[in-house]
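Thank you all for coming.

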Amino acid sequence: METPKRARVLSVIAAVLFVAVAMTAGYRRIGVPPVVIVGGSSLVALVMWIRTYLRRPLDPEIILPGFLLTVAALEVHMIEEYLTGFGPAMSRLFDISWTERSFLMVFAFVGPTLYALTALDLYRRVPVAGFLAWFIFIGPGVAEFTHFIFPLLKPAIQPELAGTISQAVSNGRFVGDMHNYWVKTTGVYYFPGMYTAILPMIPGIYTIRKVIKRNRGAMQ
């Protein structure tokens, strides 16, 4: 069933508002990196959503299993990130205020709530749910490859000091237990979440290919 034009317009507005709120909150609470991550992922997700799902929401059998597998793998990935201090490590890398508390708020509480609501709406073929699904496929899914780049980047805060530090960052907020994972200092090629980063990428990329293939078939 084709989505009415008015519903498509309202869905696009809702998606843009979601991105604007997320980017604003991320910038105010953490800094520029979340804006780049959310902004870049949402732009790609918006384009792909409009091309593949907005006009004609897909059968849940096509997109829902892949979405659920992606978020399940993402939660496993978050366990490694939490145990190894991903947020504080990012804070030291980019001089931002990504504390353990903000990490948990986003990924342990707000995130799963959105995942559950998105899954329900994908089942009901609600148009805007397709955007949120694409956002997960692109952001926490495909973009997880950045974990393999982070160990190569020179931290913005005391890069030569291998030990953990706790201090106020550039925006004045205090961040505790900031580990240094720069390979030139530690001699170890690792960054929090790197071992499990590929897990959400696998179902995410698979579902992207499946959705695009189905969309092409429907257009022929």
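**Rings, core and a helix**

Let me begin with a cluster, in which ring pairs link Phe86, Phe94, Trp98, Phe103, Phe107, Phe150, Tyr181, Tyr190, Phe191 and Tyr195. Rings of Phe, Tyr and Trp (its six-membered ring) pair if their centres lie within 6.5 Å, and planes under 30 degrees apart count as stacked, over 60 as edge-to-face and the rest as tilted. This is a predicted model, in which local features need pLDDT of at least 70 and side-chain atom pairs count only at pLDDT 80 or more, while totals for chains, interfaces and linings use all residues. Residues are numbered from 1 along each chain as its sequence is written, and side-chain values use heavy atoms, with hydrogens and water left out.

A search of the whole structure finds 16 aromatic pairs. One of them joins phenylalanine 18 and phenylalanine 131 edge-to-face, at 6.3 Å centre to centre and with 80 degrees between the planes. Phenylalanine 18 lies in helix α1 and phenylalanine 131 in helix α6, so this pair ties together parts that are 113 residues apart in sequence. Helices here are DSSP runs (H or I, at least four residues), numbered from the N terminus.

Are these two residues buried or exposed? Phenylalanine 18 is partly exposed, with a relative accessible area of 27%, whereas phenylalanine 131 is buried, at 1%; buried means under 20% relative accessible area, exposed over 50%, and partly exposed in between, with a 1.4 Å probe and protein chains only.

Now to the core. A nonpolar core is a set of buried Ala, Val, Leu, Ile, Met, Phe, Trp, Tyr and Cys residues joined through side-chain atoms within 4.5 Å. The largest one has 45 residues, and among those with the most contacts inside it are Trp49, Trp98 and Phe131. Helix α6 gives the most to this core, with nine residues. Apart from it lies another core, of five residues, including Ile157 and Val175.

Finally, look at α1, where Arg8, Ser11, Ala15, Val19 and Gly26 are buried. The buried residues of α1 pack against α2 and α6. After α1 comes glycine 31, whose phi is positive, near 150 degrees.

Key
Helices (H or I, at least four residues) and strands (E, at least two) are DSSP runs, numbered from the N terminus. Contact means heavy atoms within 4.5 Å.
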